Amino acid sequence: MYLKRKGFTQTEQIFQQEQQNKNNKNAADASVSDTDITKQILTFSQPENIPAMYHDGYSKLRSWTYSSLDLYKHELLRVLYPVFIHCFMDLIAKGHLQEARAFFSNFREDHEMMHSRDLKKLEGVLSPSHLEEMEFAHSLRQSKVNIKICQYSYELLLQYLHKTQSITMLGIINEHINFQVSPGQPSSISDDAEAFSLVGSGQDAANLINQKEIHWGLLEDSLEDRLDKAGGLLSDSEKTEADAKEGELDDNKKKSAEGGKQGGPLKKLKKDKVGGAAGKGARGEGDKAAAAPRVKPELTLPTIPTDVESSILEDLRNRVQLSNSTLPSVCFYTFINTHNGLNCSSISHDGSLVAGGFSDSSLKVWDVAKLGRMGSSILQSENDSGLNENTLGSNGGKRAYTLYQGHSGPVYSASFSPWGDFLLSSSSDSTIRLWSTKFNANIVCYKGHNYPVWDVQFSPVGHYFASASHDRTARVWSMDRVQPLRILAGHLSDVDCVQWHVNCNYLATGSSDKTIRMWDVSSGNCMRIFIGHRSSILCLAMSPDGRYLASGDEDGTIMMWDVSNGRCITPLVGHTSCVWSLAFSCEGSLLASGSADSTVKLWDVNTSVKPPKSEETKSGNTNRLRSLKTLPTKSTPVYSLRFSRRNLLFAAGALSTNL
């Protein structure tokens, strides 16, 4: 405009020509740039390149990980499994079925040891529709993996991804992995069990649930409190007499229960009493229940008979105080000649009765005291008038056990009432039956589940019980009602086990969806979700003070949880097969675990709930420090464990000829 006003027309035309040429050049450059970007995007999105991109990207990441320094390799290897499964499922989703199967076959061996069960499930994914229809695959697609990794390992991984420009691998890692980066040195290899956890999109909801207030203490006016009011300790002469009586009972219990025949005696571990530990009574220095808060019951509790209360108080007075230096005596009941037909076993609180549930739908109960007295004179009964069809064999002779018949399918669980007068059993016929051990008869058949009932457990006060089923629910019952009081729904797969809280206000459930939930019995609301296991939860145990929950899974891992905040305190690694049973000692200082690897392990709870020292973490010896003793059997997987009120550890299992 200035040149035009001054009359420099020619100069104005020259400037306009130059500006036009410049604009044309910029437009051409932009066009070329857009074309290059478009070509690059199209190259990445062409279908024929997708399988090669996934295969090459994962193969290079795998090679780089295995060639890393040993100090960081075990942390970087944690990344491979989630990348592997999502590469496979992405290929399926995009329709490259043959390439997906080839990819799965080529690299599955790397993950077979740690994730064999997951891989078997993924084998069934054969089309894109399966990703939506199969619940396991669908949950994986909607999930994120939490991986614990040190700062330097994390930086190494980022450097590799940026250097190689592996967009496919970077996309999978960004979408499906949450890194929990910690400063300092890499964690030890022994901590791998807690360094990897698969969590769904409901993790935020779980965290919100775990913020709910929970009252984990003992009931007011408990038997321990009554013991204090009654005077607590016995005199030395009374203790000597009580110990002599207990020794006579133990001699009768050193026999093996069998599937129809009497077995030989088992070696009983010598009782280790250190420095008068037996004389400390019910509330010693290591008794955590003594310091636990007291809460009011939310359920109407049954009245304890006077004679039963007196017997329990006597047991509490004579309780042996256990610690990491004072381990329990162990009495092991071995079932023989079961022909792989034993599904479950249960031991009464005093160890006098042992029950076994069998695949032929029968339930058998052994009275250990009578079994010990029968010896070779098996036909000499003390009271012939007590014989009936339940105790008589086919040849007219007296059986070594009492036979309970009523179920129409395999019996999967059995549970004695706290006083030993009743027995519950659950079966694949979807029913629960209540039996009287006094009259040897079935009293009630509870129907409510629509599928097999995997577990049933009496509450610590009796009268109430809980069941777990294939229908993905747990149910709370009372003995006087044939319909459930509560239906607890929320698990995504089978509910495999149940465990009552010591104050009966809460119920814990373990599931094949690899989570544990804790429910408020009175309201039916979920109060806690414990996430961290990598396989199905098979057993649960509650500490005597109600503060800690222990869980065992199919991989042989035991985890200790803090009920107050829902966090995992520590994993206990040592078993090489499924953990089938857990039990806390009466004062809460020891945890016993029984496994399919034919061992009973004793763990130091006091050490396990404390954070490990830095030098222990660096050496990787934390699990060995928490494990006090391993008690191997010859060839007997451990089905059940129970501490008596006097802290004698009872265990039961079936002799296996396949091991």
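Q: Which residues are exposed on the other side of H6?

A: Gln-98 and Ser-105. Exposed means over 50% relative accessible area, buried under 20%, and partly exposed in between (1.4 Å probe, protein chains only). Helices (H or I, at least four residues) and strands (E, at least two) are DSSP runs, numbered from the N terminus. This is a predicted model, where local features need pLDDT of at least 70, side-chain atom pairs count only at pLDDT 80 or more, and totals for chains, interfaces and linings use all residues. Residues are numbered from 1 along each chain as its sequence is written, and side-chain values use heavy atoms, with hydrogens and water left out.

Q: Which residues of H6 are buried?

A: Ala-100, Phe-103, Phe-104 and Phe-107. They cover an arc of only 100 degrees around the axis, so they lie on the same side of H6. The arc is taken from the directions from the helix axis to the C-beta atoms.

Q: What covers the buried residues of H6?

A: The cover includes H3, helix H5 (80-93) and helix H7 (112-122). Contact here means heavy atoms within 4.5 Å.

Q: What describes a pair of aromatic rings?

A: The distance of the centres and the angle of the planes. Rings of Phe, Tyr and Trp (its six-membered ring) pair if their centres lie within 6.5 Å; planes under 30 degrees apart count as stacked, over 60 as edge-to-face and the rest as tilted. By this rule there are 21 aromatic pairs. Take Tyr-58 and Phe-103: their centres are 5.4 Å apart and their planes at 70 degrees, so the pair is edge-to-face. Tyr-58 sits in helix H3 (residues 50-66) and Phe-103 in helix H6 (residues 97-107), 45 residues apart. Both Tyr-58 and Phe-103 are buried.

Q: Which residues do ring pairs link into a cluster?

A: Tyr-58, Phe-84, Phe-88, Phe-103, Phe-104 and Phe-107.

Q: Why is the pair of Trp-366 and Tyr-401 tilted?

A: The ring centres of Trp-366 and Tyr-401 are 5.4 Å apart, and the planes stand at 50 degrees, so the pair is tilted. Trp-366 belongs to strand S9 (residues 362-367), while Tyr-401 is in the loop between helix H17 (368-374) and strand S10 (402-405). Trp-366 has 0% relative accessibility, so it counts as buried. Tyr-401, at 12%, also counts as buried.

Q: Where does the charged end of Lys-364 sit?

A: Over the ring of Phe-358, 4.7 Å from its centre. The rule asks for NZ of Lys or CZ of Arg within 6 Å of the ring centre and within 35 degrees of the ring normal. Arg-101 lies over the face of Phe-104, 5.4 Å from the ring centre.
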